[in-house]
Amino acid sequence: MAVLEEKQLVFECETGNYHTFCPISCVAWLYQKIEDSFFLVIGTKTCGYFLQNSMGVMIFAEPRYAMAELEEGDVSAQLNDYEELKRLCLQIKQDRNPSVIVWIGTCTTEIIKMDLEGMAPKLEMEIGIPIVVARANGLDYAFTQGEDTVLSAMAQRCPNKKIEQPKTIDSFGTHLFSKLSELELNLTGFRSKQEKKHPPLILFGSLPENIISQLSLELEHQGIDVSGWLPSKRYMDLPVITEGSYVCGVHPFLSRTATTLMRKRKCKLIGAPFPIGPDGTREWIERICQACEIQPSGLEEREAEIWQGLQDYLPLVSKKSVFFMGDNLLEISLARFLIRCGMIVQEVGIPYLDKRYQAAELDLLQRTCLQMNVPIPKIVEKPDNYNQIKRIQELEPDLVITGMAHANPLEALGINTKWSVEFTFSQIHGFTNAKDILELVTRPLRRKENFQSFGWKKMVK
Amino acid sequence: MKLAYWMYSGPAHIGTLRIATSFQNVHAIMHAPLGDDYFNVMRSMLERERNFTAVTTSVVDRHVLAQGSQEKVINQITRKDKEENPDLIILTPTCTSSILQEDLQNFVDRASLESNADVILADVNHYRVNEFQAADRTLEQIVRFYLEKKKRSNLIENKKTENPSVNIIGFFTLGFHHQHDCRELKKLLKDLNIDINLIIPEGTNVKELPNLTKAWFNIVPYREVGYMTALYLEKEWNMPFINITPIGLIETTRFIEKIQSILVKLNYDINVKNYIKNQISCLEQVLWFSKLHTRDSSILNSTEQTAVIFGDTTHSLLMSKIFVREMGIKVLWSGSFCKYDSSWFVEQIQNFVETLLITEEHAKVANAIAKSEPKAVFGTQMERHTGKRLGLPCGVISAPIHIQNYPLGFRPFMGYEGLKQITDLVYNSFLLGPNSSNLFESFGNNLLYLDSTNQILNDTVIELVNWSESAKEELLKYPGFAREKIKSFIEKFATKQKIDLITLDLFYIAIEKI
C-alpha cells in the first residue's frame, strides 16, 4: 500500500466520468416524506426507465409520482408545453388531489429550454394547486443533489409568519373538550419558548420521521427548541422562516438549499459537521448550542456511551482500509466517522464538494486524522471510475464503497464492496443510528471471513 | 406529453446496449448526461455479471450544451480504444442527447481514423423506436457492417460447412430466460445432428461475423429481435431462415419439421419423425398432467380454468397457443405491449383467442384483468403485482422482469424441457390460487386459530407495561413490518429494568440497545 504522508487536505479533480444515480431519483424518497405531494418528472423514456428500475418494488405501490413523458411533438415544439402540462396536472388533481405538485425538470427540458419556472405560477393560478419547480437534471447534478434542488425551491415557499391561531377559549365552542389536549400542548410549547430565548431554529434535510424525533429530542435535552423542519411531513405544514432565523443542515449535499436560506430568506447558517456517527452528531449539537448561546451538557458522556455500544464492531474495522469511489456526497462525513472508528481511508471520491458548506465537516475530518494519527485521505472531486479501478487494483483496499455497476465485478476480482446507495436509504443520522452505519460497513467484512475457508478469491480470468 | 408510471419496453439505447454488450470485446459509448448509465447497474445486478459492463459515457454537461462536444466524444472513443482494445466501438446517443443534433457520424468517422477498433454509430431514432426495435436494428447494423466489409475486401468465400449447420440469431443479455432457452435449443439441434455455426450476439466475437454465411440456414427464436438480420441474410446472402418459436409441443414439432423441410430443399436427407416420437414419449408425464386436468377438473374443485395472458409478442402468442391447444384452459383474452408489431400479432393469434388487448398502458391491462375475473394471470412483473392486488395468482412469462426471473437453475421455455417447466408454472399458479384458498375456506380456516393465540400473547405483554402517548406515537413512525418487533423488544427491555411506563426517552434508550 502506498503510504500517504499528507497533513493537509488535498483536493483533486478528475474527468467526471463516473457512475452515479440521476438526481431525479430524489422523488423516490421525497414523495414518501412529503405525504401530500405529487412529483411530476418532465422528461423522456430514459428518465422513466431509470426511475422504474431504480425504485424497485416501490413502483408497484401506486407512488405519488409520474412521468410527463415527452414525445416527438413536444421536443419539436409542435405541441404547446403549457397546454400539455395543464392537461396532465388537471388529471393529477382529479385523480390524487395533492397539496402541491413538484415539477422535476430534466436534461431534456433544459436542452429544449422549456420555461418551467415561467409556466408554473400561471398554471398554479389557473388550477389552484401550488407548483414547485426543481431542476434536478443530470447535466448539472448528481444523485442526492436532486433533493437539494427540490428543498431549495421549497425554501422559497415557506411562510414568513405564523398563520393566526384562534386566541380565546370561546372560539373553541363545543369542541372545547377535544381541543383541550391540543391547547395544553400549545401552552407547554409556548412556555418552553419563553424560557429559552434563542432565535427560531429550522433544520433542513429530508429524514424519516423517527430520526427527526430522535434529533429533536437530543436538542431538546440541551434546551434547544426546533421550530421546524424543511421539508415537513406535509407541504401544508412547511415551517415558518423569519428573517434572522438560525438554520442548520443535516445532509452534506444541501449547499444550494443553504445558500437559498441565507440569501433569499436572510437566515443565519450554523456551520457544523453533519450528524452522522456519534462524533459528527456531538459536534453538530455543540455547534448549534454555541450559536444559540447555550452551554451544552452531558454530550461527552453521551458520545462515550454510544462508542461503548459500538465495541463489538470496532475490532472488525480497526486498521482496515476503505476506498470511496464517490457517488452520493455523503462520502466526507462517512470517511470521517470511519477514520474515527479506526479505519484507514485511501481515497474519498465525491461528485461535488462545496468547501464552504462542508467547511466544518472538512475541518473535523482533518482533526480526526491528526488525532487518530493516520494520513489524510486524498479527496477526488468528479472522479474517473476507470482510473479509480486501476488505483483500487493497486491499493487492494479491504473495502470499496461503490455503486452497483462496479460492485459485482469488483467482488469477482476478490475485492470486498459495499453498495453506496444503501447509505442514502438507511437510517444513519444521530447517536442512535451509528450502529447501523457500522452494520452496513462490516457486513461485507464479516461475510468475507465466512467465505474465506472455501478458498475463493478471484472469480474471473 | 403522456402521463406514464410504468413502461413495458425501455428506451432505444437500452436495446442497442444490450446487443453491444452481448458481443465479446465490443465497447459501447453513450453520448449522454450523467446518470444515464443505469444500464450497467441493471446488467450487473440482474445478470449478476462478473465482468465490468463495457459501457461508458461521453458525458454531456453544461459545457457541451454551450459549445458542443467538440473533441470530447472523439477523445472518449480513442481513449477506450487504447484502454480496452476492443474490436468494435459503438457510439449511441440517448433520448436527451439526440435532441442536440450533433453530427455524431462525423465524430465516428474521425475517431475511426485514429483507433484500431472499428467504430460505428447506432442508427436508431430515439423518439420513434423502443428497446426491442433498436436491438433488432443494431444487430442487423453490426452484421451488415462486417459482411459488407468482407464483400468489399473480396474475401467472399461463400462456402458452406460440410455438415448442416445453423446460426441462431437473437439470444442476448437481459432477455427473458435466454440463457436457458439457448442451452435447450443447442441440445435439440445436437440431437438432430445439426452443427451450430454461430450464435449471435450472445458471447460471439464480432471478428467471427463474416463466418455467418457458412451456415446452411438461420434460426430466429424470438419475434422481437433477430428478424431484421435474418431478412438481410436471406436477401443478400441467400440464406433461408426459420422464425417459428419452439415453445409448446405443437410449435416445437412444427419447428423441427421446418428444419427438415429446409434441409431437404438443400438436398440433405433427414427424417425427424422418430426423433419427435421419442421425445414425446419422454413427455408422458406432461401429457398425463394435461389430460388429467382437462378431464377431471373436479380435482381442483372448480369448473373451468380461465386465464388471461399479457406480454411481448413471442411469449404472449405462444402461451396462448399452448393454453388453448395443449392444456384446454380458456384464454379470456391475450395481449401484447408491442404495439409496433400488432398487425403480425393479431394475424397470428386471431384463430386462438377471441379478445385481444394491445396497449402500452399497464392501467388498461389491470382494468381488463379486474373486469374479466380470470382464475390466473400470466404476464410480466407488472401483472404479477396486479394479480397480487386482486388476489389472483400470476405466472411471469415475459419481460419486464425482476432478479428472481433470472434463475440459476435450468428453466427454459423452449423445446421439450421447456414444456415441463411451463407445465409446472401453469399448474402451480392455478393450484396456489383461488382453488387452494377455496379449499381452506371450505374446510375451516386454521389460520384464524393461530391469529387468536398471537393476540393473546400480545395482550399479556401489554398488560405488564404502559406506553406514554408520545412513545406510542413514536412507535407508529417506524415501518409496519418492524413495529411489532421493536415494540416487543422495548417492552421486554422495560420489564427487565422494572419500569412500567415507556416514555419517549426510554423508547430511545431501548432502541440504542437493539
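Contact is taken here to mean heavy atoms within 4.5 Å. The structure is a predicted model, in which local features need pLDDT of at least 70 and side-chain atom pairs count only at pLDDT 80 or more, whereas totals for chains, interfaces and linings use all residues. Side-chain values use heavy atoms, with hydrogens and water left out.

The predictor assigns the complex an ipTM of 0.87 together with a pTM of 0.88. Where pLDDT is low, the predicted coordinates should not be read in detail.

Asp36(B) is listed by UniProt under "binding site" in an unreviewed entry; such annotations may be inferred rather than shown by experiment, and the positions follow the numbering used here, with feature names shortened. The residue is placed in the loop between strand E2 (26–32) and helix H2 (38–46) of chain B, where helices (H or I, at least four residues) and strands (E, at least two) are DSSP runs numbered from the N terminus. Asp36(B) counts as buried because its relative accessibility is 12%, the term denoting under 20% relative accessible area, with exposed over 50% and partly exposed in between (1.4 Å probe, protein chains only). Leaving aside residues up to four places away in sequence, Asp36(B) touches Thr46(A), His13(B), Met30(B), Thr94(B) and Thr96(B).

Terms used. Residues are numbered from 1 along each chain as its sequence is written. Chains are lettered from A and ligands numbered from 1 in the order in which they are written.
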